[in-house]
Amino acid sequence: MRTHQVVLAHIEDDLAAGRIRLGDRLPGERALAERLGVSRPSVREAIKILEALGVIRTATGSGPEAGATVVADPAAGLGAALRLHVATDHVPVGDVVDLRLLVEGAAVRSAAARPAADGLDRATTLLDAMDAPGVDVATFLDLDGAFHVALAEMSGNVLHAAVLAGIRGAVRAYIGQGAARAADWPTLADRLRAEHRAILRAVREGRADDAEAAVRRHIEDFHRDTDGG
């Protein structure tokens, strides 16, 4: 085991055992290095990995916010990993779309089982912003992504939202390229708006089967119409 992995394993054990909890600060580099018998650069490498994975947040200085603090941002690590693997072409975009169908279909079904007013309001606000006159394509797609993540968050399953946020980050460039390939973007955008409203309406009314079918059809049709293959 490489020395930075010793640090990672130690912190993982502390998290699993509850010795370190959400919001706690990790011991400083020197303290960890002395406790584990490793070098400070090894500790520093482990901290960078944990930050990239969304497990901790670091801040410089000497105040109360300085150091490494345990946070919960699973989407950060999932998104970074997916983006890198999609970029290498080892994970085809089609496979990512299939994963999205599974995750988002289950998420909207769960959301429809217990639609929350605050989640519905946030999703509606995002759709209203997409209806704004003159909204550019990039802004539209960013709002689109935020809408789908908001639906996933309504499921009550932390991993639904984290995985979907990671997926959206991984295929953001592909989605943008697909929109640019669209023969008639204004018409496609209008269709997407209508589909979004139908999905949200099914969730709001508790129609789980309809919500799942609508979101799957929405994802499949966009992929088909903009794939360029």
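The following paragraphs lead from the overall form of this protein to several of its individual residues.

The model is a predicted one, in which local features need pLDDT of at least 70 and side-chain atom pairs count only at pLDDT 80 or more, while totals for chains, interfaces and linings use all residues. Residues are numbered from 1 along each chain as its sequence is written, and side-chain values use heavy atoms, with hydrogens and water left out.

The protein contains 10 helices and 2 strands; these are DSSP runs, numbered from the N terminus, with helices (H or I) of at least four residues and strands (E) of at least two. Read from the N terminus, the order of elements is α-α-α-β-β-α-α-α-α-α-α-α. Along the principal axes, the C-alpha atoms fill a box of roughly 60 × 40 × 30 Å.

Of the 229 residues in the protein, 40% are buried. Buried here means under 20% relative accessible area, with exposed meaning over 50% and partly exposed in between (1.4 Å probe, protein chains only). The accessible surface amounts to about 12,000 Å², and carbon and sulfur atoms supply 55% of that surface; such areas come from the Shrake-Rupley method with a 1.4 Å probe, and for residues only the protein chains shown count as cover. Among contacts (heavy atoms within 4.5 Å) with a separation of 6 or more, 69% join residues 24 or more positions apart.

The protein carries 27 positive and 33 negative charges, whose mean positions are 4 Å apart. In this count Lys and Arg are positive and Asp and Glu negative, whereas His and the chain ends are not counted. Each charge is placed at NZ of Lys, CZ of Arg, CG of Asp or CD of Glu.

His 4 belongs to α1 and is buried, at 8% relative accessibility. Beyond its neighbours within four places in sequence, His 4 is in contact with Ser 42, Glu 45, Ala 46 and Ile 49. Asp 14 also has its place in helix α1 (residues 3-17), and its relative accessible area of 8% makes Asp 14 buried. Residues up to four places away in sequence aside, Asp 14 touches Arg 19, Ile 20 and Arg 35.

Leu 126 is buried, with a relative accessible area of 10%. Apart from neighbours within four places in sequence, its contacts are Leu 143, Ala 146, Phe 147 and Ala 150. The C-alpha atoms of Leu 126 and Leu 143 are separated by 6.1 Å, although these residues are 17 apart along the chain.

The structure holds 1 aromatic pair. The ring centres of Phe 140 and Trp 185 are 5.3 Å apart and the planes stand at 90°, so the pair is edge-to-face. This pair links distant parts of the chain, with Phe 140 in helix α7 (residues 137-153) and Trp 185 in helix α9 (residues 185-204), 45 residues apart. Rings of Phe, Tyr and Trp (its six-membered ring) pair if their centres lie within 6.5 Å; planes under 30 degrees apart count as stacked, over 60 as edge-to-face and the rest as tilted. Both Phe 140 and Trp 185 are buried.

Helix α10 (residues 208-226) has 19 residues and reaches 27 Å from its first C-alpha to its last, close to the expected 27 Å, a span defined as 1.5 Å times one less than the number of residues. Its buried residues include Ala 208, Val 215, His 218 and Phe 222. The buried residues of α10 pack against α5 (93-113), α7, α8 (158-181) and α9.
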